[in-house]
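The sequence and the structure are shown first.

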Amino acid sequence: VTKRAAILVPICTAKGGEPSIIYNLRSQHMTSHAGEVSFPGGREEKEDRTLIETALREAEEEMGLERKRVTVLGQLEEVKSKHGLAVTPVIGIVDGIIDLEKDNLVNPDSGEIEENFTVTLKALYNPSNWVMDDYGRWGKFPRFIASPHPIWGLTAYVTKRVLAEISNSRKERPTSKLERTNAERHGHMLYHIEGRAAFALRWPGAMTHKQGATRGVL
């Protein structure tokens, strides 16, 4: 039986008003992925009713990010990690303005995160900020190089998928009240990031978990 895990992709408005994504730098003392950039997350536990709960619980434990501060948009299909875990990315918007100088969003009791940093969506969409690394028989995978720490592996792959979803959704953004109503009826959702970045998000199987749907191995 494949073990399941979930990660939270925290979209936010960073200090200065830029729509951004929050990334974790894992502690050097961790037994796995030490010193790597990641999203908060971990394995599914018995008390978790859904994988969305898994992602929110892990974010609260690792970052001290209260669940009530996160508006969940939905989830993407599973990604198989190099350790054999079926990882489900959960996408959410964090309320308020994120100023990591005032609140570093690190739970010291957890000891899993060394620091957090944000990257603007504008920077993430800039193709000159990405390179492709060749892993031989495993294929080529993206790496983001315009951040305090390089973003690669599963984290970079999931980031690319989230960016693609936003791009696809913007092309089909409902404009009239009737279109918005129809979009909501069909599982499409409209959200604002602090009123600055409005777009429709079309999450496959929004708010549901897709059994057995895996793409890529990272």
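Is E58 buried or exposed? E58 is buried, with a relative accessible area of 7%; buried denotes under 20% relative accessible area, exposed over 50%, and partly exposed the range in between, computed with a 1.4 Å probe on protein chains only.

The model is predicted: local features need pLDDT of at least 70, side-chain atom pairs count only at pLDDT 80 or more, and totals for chains, interfaces and linings use all residues. Residues are numbered from 1 along each chain as its sequence is written, and side-chain values use heavy atoms, with hydrogens and water left out.

The structure contains ten salt bridges, a salt bridge being a side-chain nitrogen of Lys or Arg within 4 Å of a carboxyl oxygen of Asp or Glu. Among them are the following, each involving R57.

| Salt bridge | Closest N to O distance |
|---|---|
| R57 and E58 | 3.1 Å |
| R57 and E61 | 3.3 Å |

R57 is itself buried, at a relative accessible area of 5%, and D48 is likewise buried, at 8%. E61, by contrast, is partly exposed, with 38% relative accessibility.

R57 and E61 lie four residues apart in helix 1 (residues 51-63), so about one helical turn separates them. Helices here are DSSP runs of H or I with at least four residues, numbered from the N terminus.

A network of salt bridges links E45, D48, R57, E58 and E61.

How values were computed: Helix = DSSP H or I, 4+ residues; strand = E, 2+ residues; numbered from the N terminus.
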